[in-house]
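Dear colleague,

I am passing on the structure below, and would be glad if you could read my notes beside it. They follow directly after the model.

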Amino acid sequence: MRSKVNQNINLQEYKGVWIIGEQRDSQIEPVTLELLGEGRKLATKINEELTLIICGEKLESEIEKLLDYPINNIIYLNNEQLKNYQTDSYVNLISKIIMKDKPNIVLIGATTIGRDLAPRLAGRVGTGLTADCTALEIDEVDKKLLQTRPAFGGNLMATIICPKNRPQMSTVRPGVMKKIEKENDFETKIIEPYLEEKLLFSRVQNAEIKLRNSSKIDLSQADVIVSGGRGIKGQIGVQLLQNLAECLGGTVGGSRAAVDSGWFEHERQIGQTGNTVRPKVYIACGISGAIQHVSGMGESDYIIAINKDEKAPIFSICDYGIVGDLFEVVPEMIKSFNNKR
């Protein structure tokens, strides 16, 4: 069922921006709305339609919610065998539709599922894949997709194109793109294609499904993050940051240096090798601002930096900077916020 790379394809036949949606426990994941937001922007620039394709079962109520958004088409692959992610069946079904309908651009979340699905889809349909993108743009001259991702350990940003094959396919980090905004009076076409039984076959079967721990904080969805680096010096600094986050209704995160020191769990790491976040407010405490960290939080709405070193790179990207000892500044911030309650 594999296809060979065709170097003589007609690029003009490929139209539309497609988002491969993701659902778990019959709930559409936030990364899908982020991809739709970016997809809508790209589709508008090249004057093509935006399509969401999603696999699952009993997603009707979730799809109904999506009708409030500017999506041209929703392709719903509906079957009980698709309730949980299965590599074989998802690749079989989605690749067949891609080869039939020929989208120009395909975006997938760089999640656990997406990182398994995307390279298999790219191999099946005979195209390239740029993984872990942090920015996507359309070339003004020839309308190619410019896919930007960190390279060489985050020391530079590489922009990649796919000039000879289609679709142009990327995985995008969760938390990087803005979610799609609602739009009234937008007509969405829902398509529920017939699914061939042989394409639903999977060599791997789920023996057991464990539900995610819902009490675990998802940094990518936090509005306020108070983050610490090497400058917090240890658990006393961690507690200080937790106190500040609590009075702001936020959560805490850390740089790689802080995580490597054992002060934060790895799931709280922000940066090139951790989470990518886009909160409304990001407070960086004792963080120098290396590019590896900035790549994970640079798109925050407001960045507040606290550092003793006035030459720290973090001050070149922050909206508000405080040159000072965080062990003196943060307690004053906590006192001020508590007094205003």
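**Around Arg166**

The side chain of Arg166 reaches the backbone oxygen of Cys162 at 2.7 Å, a polar contact in the sense of a pair of N or O atoms within 3.5 Å, where within protein one atom must be able to donate a hydrogen and the other to accept it, and where residues adjacent in sequence count only if both atoms are side-chain atoms. Please keep in mind that this is a predicted model, in which local features need pLDDT of at least 70 and side-chain atom pairs count only at pLDDT 80 or more, while totals for chains, interfaces and linings use all residues. Residues are numbered from 1 along each chain as its sequence is written, and side-chain values use heavy atoms, with hydrogens and water left out.

A further polar contact, at 3.3 Å, links the side chain of Arg166 with the side chain of Asn104. Arg166 itself sits in the loop between β10 and β11 (168–172), where strands (E, at least two residues) and helices (H or I, at least four) are DSSP runs numbered from the N terminus. Arg166 is buried yet has no salt bridge, and the nearest side chain of opposite charge, that of Asp142, is 7.3 Å away. Here buried stands for under 20% relative accessible area, exposed for over 50% and partly exposed for what lies in between, with a 1.4 Å probe and protein chains only; a salt bridge requires a side-chain nitrogen of Lys or Arg within 4 Å of a carboxyl oxygen of Asp or Glu; and for charge, Lys and Arg count as positive and Asp and Glu as negative, whereas His and the chain ends are not counted. Leaving aside residues up to four places away in sequence, Arg166 touches Ile9, Leu11, Tyr14, Asn104, Thr127 and Lys144, contact being heavy atoms within 4.5 Å. The peptide bond that leads from Arg166 to Pro167 is cis, with omega near 0°, and Pro167 is likewise found in the loop between β10 and β11.

**The sheet β8-β9-β10**

Three strands form an open sheet in the order β8-β9-β10, with antiparallel pairing, two strands being taken as paired if DSSP finds at least two bridges between them. Because β8 (135–138) and β10 (156–160) stand at the edges, each with a single partner strand, one side of each is left without a neighbour in the sheet. Neighbouring strands of this sheet are turned by 25° against each other on average, direction ignored. Between β8 and β9 (residues 145–151), which run antiparallel, there are four bridges, and Leu136 has Gln147 in β9 as its bridge partner. Helix α1 (residues 30–46) packs on the sheet, touching β8 and β9, and its direction makes about 15° with that of β8; axes are lines fitted to C-alpha atoms, for helices over the stretch in contact, and angles run from 0 to 180 degrees between N-to-C directions.

**Salt bridges**

By the rule given above, the count comes to 16 salt bridges. One of them joins Lys65 to Glu62, with the closest N and O atoms 2.9 Å apart; these two residues are three apart in helix α2 (residues 60–66), and are therefore separated by about one helical turn. Glu62 counts as buried at 7% relative accessibility. In helix α4 (residues 112–125), Arg120 and Asp116 lie four residues apart, about one turn of the helix, and their side chains meet in a salt bridge (3.4 Å, N to O). Arg120 is partly exposed at 41%, and Asp116 is partly exposed at 22%. Arg268 and Glu265 form another salt bridge, their closest N and O atoms being 3.5 Å apart, with Arg268 buried at 16% relative accessibility and Glu265 partly exposed at 42%. Salt bridges that share partners also join Glu38, Lys41, Lys45 and Glu137 into one network.

Ser26, in the loop between β2 (23–24) and β3 (27–28), has a phi near 60°, a positive value in a residue other than glycine, and is buried, with a relative accessible area of 16%. Lys102, which is not a glycine either, has a positive phi of about 55° and is found in the loop between α3 (87–101) and β6 (105–109).

Ile304 belongs to strand β16 (residues 302–307) and is buried, with a relative accessible area of 18%. Not counting residues up to four places away in sequence, Ile304 touches Val281, Tyr282, Ile283, Ala284 and Tyr320.
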